[in-house]
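Thank you all for coming; please look at the sequence and the model on the screen while I walk you through a few of its local features.

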Amino acid sequence: MLTDEQYMQRALELAIQAEGDTSPNPMVGCVIVADDGSIVGEGYHHKAGQPHAEVNALAEAKNLAQGATAYVTLEPCAHYGRTGPCCVALARAGIRKVVCACMDPNPKVAGQGLEYLRLQGIEVESGVCEQEALRLNERFFTWITQQRPFITLKYAMTLDGKIATETGDSKWITGEEARTYAHRLRKQHDAVLVGIGTVLEDDPELTTRLVRGKNPVRVVLDSSLRISLMATVLNPVAETIIFAGEDADVVKGEALAALPNVEVVRLPLDGGRLPIAQVVQKLAERGLTSLLVEGGSAVHGAFFDAGLADRVCAFIAPKLIGGAQALPPVGGVGADLVETGWQLESIEFTQLGSDLLVTGLVPEYAKLPLTKEETSSN
């Protein structure tokens, strides 16, 4: 017999196999265990609109689900959508006990799944491997509770805190393993955002070409529509949204919008810059549940000043390039005092070749604008 934690770890391993494929739904895994401790069914949610983890696990377990225990990484759903409620499926299959890692904050569930199971006489337990489950679906939980995308700030910098030399050269700061991991981050998020400076300097494609998975929606902040019609980010392999000022070149805006998979969204500028909060709101209105910000110094600074970030992913290379004018990863207004800067929580360290990934969550108290004026960026 394995422990509850070991069975749940297996369910978490199953869930993450669908990383980047389930949005706007969460990643969920399920393991069904017979009384003798043997695993008789496994399943995970593959894609939105397809059967949920519990249904897939029950299909594999068949009659062996009778009297068994189901380990699920998220509270079983209790509502009818494109699929039926999983709590009902578990009860009908004769499951004796349900162990879930964490509750579902979706108002359509929010405890109702477990309550239904209890009313059917099924034993219920929650909180097993809860922190791992919360980490797994942090993007989904933010989308549900805050009605905006989960925002990750990502950058690669040298050991002396530079993202480019004084001449603007930035290829390549990190090695191949770190760059591949960065593409995995793109796969995890619904959208990836850069500023026009990055487009003009690096001409990125912003796809997941180094890993298998869907391409994110590409977002470019370009208040004056300086982007070239031949920019790689405009190729039709993925959708691209360009945010521009209301008075930016009308003819060029029409030419851009005529390209396949390209949309131009105009916003009123604030001091000549695009308002970050409104950009995020527009992305939320399009149902984009997570956003990876790969901007340069100015764009990262704008998100920092607005308090609009949930996680920071910093790739650190063991090299120094110096230069008083070389760009730091986060510009903008910044904090007046060290103590008012962001002290990340739940820190994780991962070595990727010779590089180091440091990632952590931005605490809730830090998610406040540093200035009274609405923060913005080109």
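Predicted model: local features only at pLDDT ≥ 70, side-chain atom pairs only at ≥ 80, totals over all residues.

Ala 110 counts as partly exposed because its relative accessibility is 44%, where partly exposed is the range between buried, under 20% relative accessible area, and exposed, over 50%, computed with a 1.4 Å probe on protein chains only. Ala 110 sits in the loop between strand E4 (97-100) and helix H4 (112-119), and although Ala 110 is not a glycine, its phi is positive, about 40 degrees. Helices (H or I, at least four residues) and strands (E, at least two) are DSSP runs numbered from the N terminus.

Residues are numbered from 1 along each chain as its sequence is written, and side-chain values use heavy atoms, with hydrogens and water left out.

Gln 147 also has a positive phi, about 55 degrees, without being a glycine; Gln 147 lies in the loop between H6 and E6, and at 52% relative accessibility it counts as exposed.

Turning to the peptide bonds, the one from Ser 23 to Pro 24 is cis, with omega near 10 degrees, and Pro 24 is placed in the loop between helix H1 (4-15) and strand E1 (29-33). Lys 171 and Trp 172 are likewise joined by a cis peptide bond, with omega about -15 degrees, and Trp 172 is found in the loop between E6 and H7.

What about H7 itself? Among the buried residues of H7 are Tyr 181, His 183, Arg 186 and Gln 188, and the buried residues of this helix pack against several elements, including helix H6 (138-146), strand E14 (345-352) and strand E15 (355-361), where contact means heavy atoms within 4.5 Å.

In E15, five of the seven residues are buried. E15 pairs with E14 in the antiparallel sense over six bridges, and pairing requires that DSSP finds at least two bridges between two strands. Glu 348 stands opposite Thr 359 in E15, and the hairpin that E14 and E15 form has two residues between the strands, with Gly 353 in the turn showing a positive phi of about 65 degrees. E13 and E15 also pair in the antiparallel sense over six bridges, and there Phe 315 stands opposite Leu 357 in E15.
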